Amino acid sequence: MYEAKRSAAVLALHDGRAGNARQAEALARALDPVAWRGLTLQPQAPWRWAAPRVWPGAGHAFGSTFGTELGAPPRWAIGCGRQAALATRLMRARGAASVQILDPRLDPRLWDLVVVPTHDRLRGDNVISLLGSLNPVDDAWLAEGRAAFPTFAQLPAPRIALLIGGPTARTPWTTQALQGLCTSLIERVNALGGSVLATTSRRTPGEVGEFLHARLRDVPGLLWRGDSDGINPYAGLLGWADRIVCTADSSNLLSEACATSAPVTAAFADRVGGRLQQLPQALRDRGRLVDWDELFDAGPAIPLRETPRIAAQVRERLGELFPG
């Protein structure tokens, strides 16, 4: 094995996509809250076309910053996504412990550990499965969210967080269907005297944002559609939510909502196709999803916290091989 000066840091590698960054950084932070660092990869041609396969000269695949890190690799290299799968392979060749999140579509034995959701078919001696996705949501994270947005405490209860992703091939919902859901939600909130804390994502159709802006104008709460609406209040939404309505198209959104103690309902869960349909059912079996007609009567739930469990398994399985 290649021997080099080793940094004590845990390095989270990703391509900058929000979902990939979220998972890699969450696991890195759980492994070492103090010494972890994040690195957004800058994939270069031609190597990015073949990732995670290793082509000659792959040490130059992600630019000079990555090259510097490769010269003094961390103890742990945590990656998420196809480009990061190449980066973690390269780090492993330099002596780092490599942990790849999501199926790299190659033999998992090319990494020290591979972490995949339970709905993925990948299995192996060095494969760890989790329910949903890795995320940073825990009691401290939620408390920070509440502290960052203290004015949300003044909103009338129940405070309903509405988390909207976007239709996908595996979860094809329509704008009309979402409008119907929101109309029902607003009617119920008005009847109860509560408030709505709504946020959209980059994948949300523009007409959905326009509809919400018009319909929520007279409802206590807020709507965040992007940077033009100010600081992203997402952590505050989860921290202060008494109830959560989340579209089922995003396993990350669902997992983070279920990491709180608030009752959660997954909108359009009946439309989820393929392997992803296993996730809503598994969350129901764990008592973390309720049906729409149960949402307003349900009590607090036990939070789903997979990240510390996975971090503990990583330490147990690789700690002796890569001592600090």
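Predicted model: local features only at pLDDT ≥ 70, side-chain atom pairs only at ≥ 80, totals over all residues.
Residues are numbered from 1 along each chain as its sequence is written, and side-chain values use heavy atoms, with hydrogens and water left out.

Helices (H or I, at least four residues) and strands (E, at least two) were taken as DSSP runs and numbered from the N terminus. Two strands were counted as paired if DSSP finds at least two bridges between them. On this basis an open sheet of 5 strands was identified, with parallel pairing and the order β9-β8-β7-β10-β11. The edge strands, β9 (221–224) and β11 (264–267), each pair on one side only. Neighbouring strands of this sheet are turned against each other by 15° on average, direction ignored; here axes are lines fitted to C-alpha atoms, for helices over the stretch in contact, and angles run from 0 to 180 degrees between N-to-C directions. In general, strands of a sheet pair through backbone hydrogen bonds, either parallel or antiparallel.

Within the sheet, β7 is joined to the parallel strand β8 (residues 195–199) by 5 bridges, and L162 stands opposite A198 of β8. A198 in turn stands opposite L223 in β9. Strands β8 and β9 run parallel and are joined by 4 bridges. The chain passes from β8 through helix α7 (residues 206–215) to β9 in a right-handed β-α-β crossover, a term for a path that runs clockwise from the first strand over the helix to the second when the strands point away from the viewer. Two further helices lie across the sheet strands. Helix α6 lies across β7, β8, β10 (243–247) and β11, at about 170° to β7. Helix α9 (residues 251–258) lies across β7, β10 and β11, at about 170° to β10.

I164 is located in the loop between β7 (159–163) and α6 (175–192). With a relative accessible area of 2%, I164 is buried; buried denotes under 20% relative accessible area, exposed over 50%, and partly exposed the range in between (1.4 Å probe, protein chains only). Contact was defined as heavy atoms within 4.5 Å. Apart from neighbours within four places in sequence, the residues in contact with I164 are W173, L178, T199, T200, S201, T204, V208, L212, T247 and L253. The C-alpha atoms of I164 and R215 are 15 Å apart, and these residues are separated by 51 residues in sequence.

A salt bridge was assigned where a side-chain nitrogen of Lys or Arg is within 4 Å of a carboxyl oxygen of Asp or Glu, and the count came to 12 salt bridges. One of these links R37 to E69, with the closest N and O atoms 2.8 Å apart. Since R37 belongs to strand β2 (residues 36–40) and E69 to helix α3 (residues 63–71), the pair ties together parts that are 32 residues apart in sequence. R37 is partly exposed at 31%, whereas E69 is buried at 15%. A salt bridge also joins R17 and D15 (3.6 Å, N to O); R17 is exposed at 60% and D15 is partly exposed at 22%. In the R225–D229 salt bridge the closest N and O atoms are 3.7 Å apart.

Disulfides, defined as pairs of cysteine sulfur atoms within 2.5 Å, number 0 in the model. C182 is in no disulfide, and the nearest cysteine sulfur, that of C246, is 13 Å away. The sulfur of C246 is 7.7 Å from the closest cysteine sulfur, in C258, which is too far for a bond. Both C182, at 2% relative accessible area, and C246, at 0%, are buried.

Most residues other than glycine have a negative phi, and most peptide bonds are trans. The bond from A51 to P52 is cis, with omega near 10°, and P52 is in the loop between α2 and α3. Positive phi values were computed for L102, near 80°, and R105, near 65°. L102 lies in the loop between β4 (97–101) and β5 (113–117), and R105 is likewise found in the loop between β4 and β5. L102 is partly exposed at 29% relative accessible area, while R105 is exposed at 58%.
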